Amino acid sequence: MVKTAAPEQKRGTGGKLSNPDRLELYYYMRLARECDDAILRLYRQGKVVGGAYTGNGNEATAVGSAYALEKHDYLFPMHRDLGAHLVKGQTARNIFLQQLARGNSLTHGRDGTGHYADPPLRIYGNVSHLGAMIPMAVGVALAVKMRKEDSVVMNYIGDGGSSVGEFHEGLNMAAVMQLPFILIIENNQFAYSTPIRRQFAAQKLSDRASGYGIPGVTIDGTSVSLVYETCRKAVDRARRGEGPTLIESVTMRMHGHSASDDASYVPVGMIEEWRKKDPIDRFEKILLADHLLTGETRKKIEEGIKAEVEDAVAFATESPYPPGEDAGKGVYAP
Amino acid sequence: MPALTYIDAISRGMWEEMERDPSVFLIGEDIGAYGGAFKATKGFQEHFGPERVIDSVLSEAAIIGAATGAAVAGMRPIAEMQFADFITCGFNQIVTNASKIYYRWGIPVPMVVRLPSGGYIHGGPYHSASTEAWFAHVPGLKIVAPSTPSDAKGLIKSAVRDNNPVMFFEFKYLYRRVKGEVPEGDITVPIGKGDVKREGGDVTIITYGSTVHFALEAAEMVSKEDGIETKVVDLRTLLPLDRDLIIDSVRATGRALIVHEDTLTGGVGGEVAALIAEHAFQDLDAPVKRVGALDAPVPFAPTLEAAHLPDTERIVHALRELLQY
């Protein structure tokens with residue numbers, strides 16, 4: 001695996017991004033997109049089991065937010081947060097094993113995509129019922145507080161998921177109990193085909209924070225450094241025992257809901273308009289201007305990522321499906 | 001052995017488990033300073049502190065979700081529903097999250113949901129429901145439903161120690177009506193094992209919870225008046241069912257009456273009847289009979305409620321029909 005910064009390196013020391021940090025952010029965003037692109041290719045080849053959901057357009061939010069976490073913090077990501085999985089230490093191989101439902105995947109083929117948990121990395125994937133993970137993630141934050149641990153819990157939801165009752169129920173409990181909990185709303189303009197004007201009447205989704213008595217902020221979710229800085233403040237605050245923060249990160253879902261969705265309901269020109277703010281291009285321009293990135297280093301990173309993803313795809317493709325006789329096993333814990 | 005009421009036996013079991021294991025904690029509405037709607041946790045907060053006896057916000061989804069998350073993180077929560085009826089508001093957390101986590105992730109979810117269940121208390125449609133059958137259809141959950149103080153204490157202790165989500169149905173009708181000897185100390189009752197509450201060779205009643213007591217009363221009546229001897233099997237656990245006890249008992253008596261307080265259609269009794277049909281058909285001397293509540297919400301007026309819920313008289317009637325077949 002090619003990395004631009006050593007994983008042991010303390011990220012964002014003092015709340016500031018160092019140059020190696022910034023290169024690492026760039027690397028993870030590119031890796032996330034390369035994985036997503038590969039998943040789409042596999043989908044078109046009929047090799048993906050089930051649907052394919054990408055985080056294209058969401059890379060800065062996923063990567064920048066998870067980058068604010070320490071190893072012992074808990075990540076409860078969503079289906080467009082592949083970048084967050086990777087930042088938290090997940091390997092591309094495990095991502096593709098999940099996607100292809102193989103027996104040696106983290107769920108042994110019992111569930112797909114990012115629906116896995118990896119306790120050593122403290123990653124707990126989502127379920128399809130949007131919003132349902134919020135009270136559960138709050139429960140982990142409760143356990144953390146009860147045991148007086150130093151960890152925080154970061155959880156994600158979409159603009160659509162913000163309409164679910166458990167959004168309110170979980171966040172309200174976290175606020176009342178002052179739990180170390182950060183909720184990021186990825187407002188990517190559409191919940192499947194439903195535009196945000198048919199999803200909520202508030203001006204900003206972060207306005208809801210005042211109703212819970214917690215800080216709330218709306219940010220440009222295409223700026224990875226802004227996402228990082230905002231989340232870092234929320235993480236630090238949670239770690240100090242000052243309770244939850246609600247962050248609305250505004251992005252655009254650049255693909256359809258899933259690979260089978262042609263997104264014909266997206267108004268003409270909207271994708272093109274947002275493409276100008278592509279989170280990876282934006283950041284790349286800054287890094288090039290700052291001479292952190294050159295044509296040569298960019299090529300090197302690119303090649304490393306391609307090799308990493310190719311290896312993962314090959315490894316997953318060659319891995320066997322779980323044996324059918326396992327279907328009824330392991331329903332109950334001993 | 002001291003005699004305890006049914007509810008005191010549950011309290012005693014929880015108290016002992018909290019003393020034994022610091023990862024056990026309670027979360028629910030009004031359970032702390034107030035001691036719970038039925039006072040099952042009276043004095044707990046004073047003794048164990050507000051961190052381990054948590055007065056939660058009014059949200060069943062948040063309570064069960066938080067318990068699930070805490071269990072995933074290694075704690076052993078006991079979540080209290082104020083009434084079993086309100087589990088509907090936390091249904092998603094149980095069915096979508098708690099029940100499937102071990103299968104999907106291999107992470108144990110050691111949690112208990114306490115559900116004050118059932119009628120005979122004039123609670124009306126929203127404070128009297130029997131909701132256990134909904135969960136009997138959910139792989140990954142365990143369901144217990146004790147009928148005596150001794151079983152209640154032993155099963156709550158086993159539920160706390162189990163590494164799976166356990167739905168603990170406790171019967172409000174029995175809370176202070178039933179008193180019995182409860183063994184002191186660390187005595188548990190195994191989940192998955194039924195119990196013979198009365199021996200008899202003519203007919204088997206298979207039942208659980210509140211109706212165990214009506215069944216025992218009915219068995220005494222038909223013994224005195226008709227000379228019929230009824231075996232009363234108390235299931236105690238509804239998921240997984242004690243298949244061997246059900247099948248062996250029916251094989252021995254040749255007649256089976258299934259009784260529960262829950263409505264008949266889609267009730268746990270249907271599953272019991274199916275087991276009997278599959279495994280004891282050749283031994284039956286009469287068709288399997290069932291007694292349960294009417295297929296209607298639990299009504300409010302005492303006259304309606306009495307007509308709705310099963311009672312001793314209906315069980316006696318069914319026993320006589322079975323024997324006369």
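How many residues of chain A are in contact with residues of chain B? That was my opening entry, and I looked it up in what is a predicted model.

**The interface**

I found 31 residues of chain A in contact with 31 residues of chain B. Next I asked which parts of chain A supply that side. Helix 5 (133–146) and helix 6 (165–176) of chain A each give at least two residues to it. Helix 5 of chain A has the largest share, with nine residues.

**The nonpolar core**

I moved on to the largest nonpolar core, which holds 196 residues. Which of them touch the most other members? I noted A:Val63, A:Val138 and A:Ile182. Helix 1 (residues 19–44) of chain A contributes the largest share of this core, twelve residues.

Leaving aside residues up to four places away in sequence, I listed its partners: A:Val152, A:Met154, A:Cys231, A:Ala234, A:Val235, A:Ala238, A:Pro244, A:Thr245 and A:Ile247.

**Chain B as a whole**

I counted twelve helices and 14 strands in chain B. Its C-alpha atoms fill a box of roughly 60 × 40 × 40 Å along the principal axes. Does that go with a compact or an extended chain? My check was the radius of gyration: a compact globule of 325 residues would have one near 20 Å, and chain B has 19 Å, so the two agree.

I also looked at the packing. Of the 325 residues of chain B, 59% count as buried. Among contacts in chain B with a separation of 6 or more, 79% are between residues 24 or more positions apart.

**Helix 3 of chain B**

One helix got its own entry. Helix 3 of chain B covers residues 60–72, which is 13 residues. From first C-alpha to last it reaches 18 Å, close to the 18 Å expected at 1.5 Å a residue. Is this helix mostly covered or mostly open? I found it mostly covered, with 13 of its 13 residues buried. Just after helix 3, B:Gly74 takes a positive phi of about 105 degrees.

**Confidence in chain A**

Last, I checked the pLDDT. Chain A averages 96, and 97% of the residues score at least 70. I flagged residues 1–7 of chain A, where the pLDDT is below 50. Beyond near neighbours in sequence, that stretch has 13 contacts in the model.

Terms used: Residues are numbered from 1 along each chain as its sequence is written. Chains are lettered from A and ligands numbered from 1 in the order in which they are written. This is a predicted model: local features need pLDDT of at least 70, side-chain atom pairs count only at pLDDT 80 or more; totals for chains, interfaces and linings use all residues. Helices (H or I, at least four residues) and strands (E, at least two) are DSSP runs, numbered from the N terminus. The radius of gyration is taken over C-alpha atoms; the globule rule is 2.2 Å times the number of residues to the power 0.38. A residue is buried if 20 or more other C-beta atoms lie within 10 Å of its own, exposed if 12 or fewer, and partly exposed in between; C-beta atoms are placed from the backbone. Two residues are in contact if their C-beta atoms, placed from the backbone, lie within 7 Å. The expected span of a helix is 1.5 Å times one less than its number of residues. A nonpolar core is a set of buried Ala, Val, Leu, Ile, Met, Phe, Trp, Tyr and Cys residues joined through C-beta atoms within 7 Å. pLDDT is the predictor's confidence in each residue, from 0 to 100.
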